[in-house]
Amino acid sequence: ARLPGCDLSASNLSGATMRRSEARDINANGAVMDGVDMEESRLDGASLRGASLVGANLTGAVLTGADLSGADLKKGTLVRVDFSKSRLCSTGFVEANLMNSTLKAVQAPAADFSLANLTGVNLTDAGVQKAIFRSAEMTHAELSNADCAESDFSYSRMSYVTAEGSNLTKCFFVGTTLTDARMKKCRMGGADMRDAVVAGCSLLGSDLSGANLQNADLSRAIVT
């Protein structure tokens, strides 16, 4: 379907099949799009503020520069989606599958990625302050130069993550697995890393002033 610039605000598109749609710059603020199938669609610049996309399939879709602030994408299939430079303020991704998706330079303060699959996700240069990543799968994720201040990564699996030069000030890593992660030159002052598994993790040049590492596993870690 060709829908560029269409006004779909507050519309009910639940369960609609709209694969490979051309939907750049649409206004779908407040729309109900639960279960919608927009695989490989173009949604560049779309406005989806407050929209409900629970269980939606957006595999391979492009949402660069889109605004999904306050939207709910719980349990969505969001594999290989390009969210680059999008606004994701307080957006919900609980239990969503974002495997190998691109979130470069997104602004996502207070977004909720709890229990999400973020394997191989690219969050380079992202602003994800006070975001929630509790119990997420983040193996091989890229967070270099991201601002994650005060975010909660507790109980997440973050083996082989790269987060060089990132702001992780006052972040929570309670019970988090960071095996063989690369976290060089990060700001980690006041981080809570109780019971974290940091085995083999490189923390070269990182500032851990005031961090809580009680009962953490630092075997093979590089901290000089």
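Guide: Start with the side chains of Ser47 and Arg49, joined by a polar contact of 3.0 Å. This is a predicted model, where local features need pLDDT of at least 70, side-chain atom pairs count only at pLDDT 80 or more, and totals for chains, interfaces and linings use all residues. Residues are numbered from 1 along each chain as its sequence is written, and side-chain values use heavy atoms, with hydrogens and water left out.

Visitor: What makes the link between Ser47 and Arg49 a polar contact?

Guide: The term needs a pair of N or O atoms within 3.5 Å; within protein, one must be able to donate a hydrogen and the other to accept it, and residues adjacent in sequence count only if both atoms are side-chain atoms. The Ser47 and Arg49 side chains are joined at 3.0 Å, so the term applies.

Visitor: Why is Ser47 called buried?

Guide: Buried means under 20% relative accessible area, exposed over 50%, partly exposed in between (1.4 Å probe, protein chains only). Ser47 has 13%, so it is buried. Beyond four places in sequence, Ser47 touches Ile26, Asn27, Ala28, Asn29 and Asp67. Contact here means heavy atoms within 4.5 Å.

Visitor: What makes Phe133 and Phe153 a stacked pair?

Guide: The structure holds five aromatic pairs. Phe133 and Phe153 lie 4.6 Å centre to centre, with 5° between the planes. Rings of Phe, Tyr and Trp (its six-membered ring) pair if their centres lie within 6.5 Å; planes under 30 degrees apart count as stacked, over 60 as edge-to-face and the rest as tilted. Both values pass, so the pair is stacked.

Visitor: Why is the pair of Phe153 and Phe173 stacked too?

Guide: The centres are 5.2 Å apart and the planes 5°, so this pair also qualifies. Phe153 is buried because its relative accessibility is 0%. Phe173 is buried at 1%.

Visitor: Which residues have the most contacts inside the largest nonpolar core?

Guide: They are Phe83, Leu98, Leu143, Phe173 and Met183, in a core of 68 residues. A nonpolar core is a set of buried Ala, Val, Leu, Ile, Met, Phe, Trp, Tyr and Cys residues joined through side-chain atoms within 4.5 Å. Beyond four places in sequence, the contacts of Leu143 include Leu123, Phe153 and Val161.
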